[in-house]
Amino acid sequence: MAVMKIDGNHFEEKVLKAQGTVVVDFWAEWCGPCRMFSPVIEQFAAEHPEIRVGKVNVDENPDLAERFRVMSIPTLLVFKDGAVTATSVGMKTKQALENMVRSGSAE
């Protein structure tokens with residue numbers, strides 16, 4: 001499944017009201033680590049069609065970044081049935097991301 005672009009207009013529908021697991025990557029265009037992490041997110045999404053994966057640009061959606069206390073990027077939040085179950089700041093390997101989603105906590 002492709003990575004969704006998520007903004008404030010669709011966050012509730014695509015993340016908070018979604019059944020199952022949703023992984024959200026808070027990022028910015030100017031962020032080097034975010035750009036390096038992007039292929040990992042893309043590969044994870046392609047290999048796990050059962051999991052929704054989305055990206056929130058913090059420059060375009062500062063209200064969402066503030067709402068979820070995103071202070072550094074990239075920040076990943078894992079939601080299960082609309083509730084945050086795990087948070088991680090910084091780059092991760094695909095394996096670490098898979099472990100985070102499976103266990104519901106960051107390594």
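Helix axes are lines fitted to C-alpha atoms, over the stretch in contact. With this in hand, the packing of two helices can be described. The model is predicted.

The axes of helix H2 (32–47) and helix H4 (residues 94–103) come within 10 Å. They cross at roughly 55°. An angle of this kind makes H2 oblique to H4. The crossing of the two helices is right-handed. Residues from both helices meet there. H2 brings Val40, Ile41, Gln43, Phe44 and Glu47. H4 brings Lys94, Leu97, Glu98 and Val101.

The nonpolar cores come next. The largest nonpolar core has 21 residues. Those with the most contacts inside this core are Phe11, Val24, Phe26, Phe68, Ile73 and Phe79. Helix H1 (11–16), strand S2 (21–27), helix H3 (62–67) and strand S4 (75–80) each give two or more residues to this core. The largest share, four residues, comes from S2. Phe68 illustrates the contacts. Not counting residues up to four places away in sequence, Phe68 touches Phe11, Leu16, Phe26, Leu77, Phe79 and Val84. Another core lies apart from the largest one and has 15 residues. Phe44, Val78, Leu97 and Met100 are among them.

Two cysteines carry an annotation. An unreviewed UniProt entry lists Cys31 and Cys34 under "active site". Cys31 lies in the loop between S2 and H2, whereas Cys34 is found in helix H2. Are these residues buried or exposed? Buried means under 20% relative accessible area. Cys31 has a relative accessible area of 4%, so Cys31 is buried. Cys34 has a value of 1%, so Cys34 is buried too. Contacts were then listed, leaving aside neighbours within four places in sequence. Cys31 touches Ile73 and Pro74. Cys34 is in contact with Ile73 and Pro74 as well, and with Trp27 and Ala28. Ile73 is also one of the residues with the most contacts inside the largest core.

Which residues does Thr21 contact, leaving aside neighbours within four places in sequence? They are Ile51, Arg52, Val78, Phe79, Lys80 and Val101. Phe79 is named in the largest core. Val78 is named in the other core.

Technical notes:
Residues are numbered from 1 along each chain as its sequence is written. This is a predicted model: local features need pLDDT of at least 70, side-chain atom pairs count only at pLDDT 80 or more; totals for chains, interfaces and linings use all residues. Side-chain values use heavy atoms; hydrogens and water are left out. A nonpolar core is a set of buried Ala, Val, Leu, Ile, Met, Phe, Trp, Tyr and Cys residues joined through side-chain atoms within 4.5 Å. Buried means under 20% relative accessible area, exposed over 50%, partly exposed in between (1.4 Å probe, protein chains only). Contact means heavy atoms within 4.5 Å. UniProt positions are given in the numbering used here, feature names are shortened, and annotations may be inferred rather than shown by experiment. Axes are lines fitted to C-alpha atoms, for helices over the stretch in contact, and angles run from 0 to 180 degrees between N-to-C directions. Angles under 35 degrees count as roughly parallel, over 145 as roughly antiparallel, 65 to 115 as roughly perpendicular and the rest as oblique. A crossing is left-handed if the near helix is turned anticlockwise from the far one by less than a right angle, and right-handed if clockwise.
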